[in-house]
Amino acid sequence: SVTLTALSFPTPQQGWAVGHSGVVLHTADGGQSWERQLDGRRTPADMSGFYEGLAAGGDEAAARLVQELPVNWQDGPEQPWLGVWFADEQHGFVTGAFNLMLETRDGGNSWTPWTHRLDNPEALHLNAIERIGTAFYIPSERGVVFRMRDGEERFSALQTGYAGSFFGICGDERVLLAYGLRGTLYASQDQGETWSALPPAIPVALTACTRAADGRFLLAAASGHVVAVAPGANGPVATPRDGAPWPLAGIALAADGKPLGVGMRGIWRAEQ
């Protein structure tokens, strides 16, 4: 009985949910039933064994991880997964607190650690993971966004100039949007090389993002508002609009293209 933090459904039937205590759940019937594939009791031994093997072959970075990783579980299987992304029924990633990351290529039956594949010596939290265009992006703390482009084998750290945490990231071939507390919204129009802060549209946390059919991005806010981001003459422009009468934690599009918001009081549907 733990809090779940993120979902990924590469097909209507196959889906994964992740959350606290290192839990990874899988459904093969569109969410009607779920099975636990992984939890924080198993992960420490799996990761330690993996890096002990690399260290035995002379990998100095792995040797450091053998010493450093156990502190994550010294008080039990508490560390959460915060992000999950699956390309299809076989290949996916989960990301979490303190630079924890795993990859599966067999639908979650086995997992390979990726902690050593991030330029993250301070073990910043990996708050989500998204594939946008030809690269993967991971929003993190201290204004850092990690990126791995096609053909690369590790994530590099991109500096945005922000001092706080990003909760999520969304975008397309035109623009990337990293968002977080107090309406913080940073945009990049060159795949993360440079970033600029957008004037806050609303002074509350932005919690989720989806792309509308017309190319705008719709972000859910902790106030219940929806922030629409559209191209402007000098770059993206964020505009608040009325939404749900309760805080929103997620947002998606219905079949008719209208926004659906999800929060602690249920589901909100936009009337227009």
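View 1. L7 sits in strand β1, residues 4-8 (strands are DSSP E runs of at least two residues, numbered from the N terminus). L7 is exposed, at 58% relative accessible area (exposed means over 50%, buried under 20%, partly exposed in between, with a 1.4 Å probe and protein chains only). Together, L7, F9 and W34 make a nonpolar surface patch of about 310 Å² (patch residues have over 30% relative accessible area and no salt bridge, with nonpolar side chains joined within 5 Å). This is a predicted model: local features need pLDDT of at least 70, side-chain atom pairs count only at pLDDT 80 or more, and totals for chains, interfaces and linings use all residues. Residues are numbered from 1 along each chain as its sequence is written, and side-chain values use heavy atoms, leaving out hydrogens and water.

View 2. Look for A128 in the loop between β8 (112-113) and β9 (130-132). A128 is buried, with 11% relative accessible area, and its contacts (heavy atoms within 4.5 Å) include L82, Y137 and F167.

**View 3. The R142–E122 salt bridge.** The closest N and O atoms of R142 and E122 are 2.5 Å apart (a salt bridge puts a side-chain nitrogen of Lys or Arg within 4 Å of a carboxyl oxygen of Asp or Glu). R142 lies in the β10–β11 loop and E122 in the β8–β9 loop, so the pair ties together parts 20 residues apart in sequence.

**View 4. The R149–E193 salt bridge.** Here the closest N and O atoms of R149 and E193 are 3.7 Å apart. R149 is in strand β11 and E193 in the loop between β15 and β16, so parts 44 residues apart in sequence are tied together. Salt bridges with shared partners join R147, R149, E152 and E193 into one network.

Methods. Helices (H or I, at least four residues) and strands (E, at least two) are DSSP runs, numbered from the N terminus. Patches are made of residues with over 30% relative accessible area and no salt bridge: like charges are joined within 9 Å, nonpolar side chains (Val, Leu, Ile, Met, Phe, Trp, Tyr) within 5 Å. Accessible areas come from the Shrake-Rupley method with a 1.4 Å probe; for residues, only the protein chains shown count as cover. Lists of a residue's contacts leave out its neighbours within four places in sequence.
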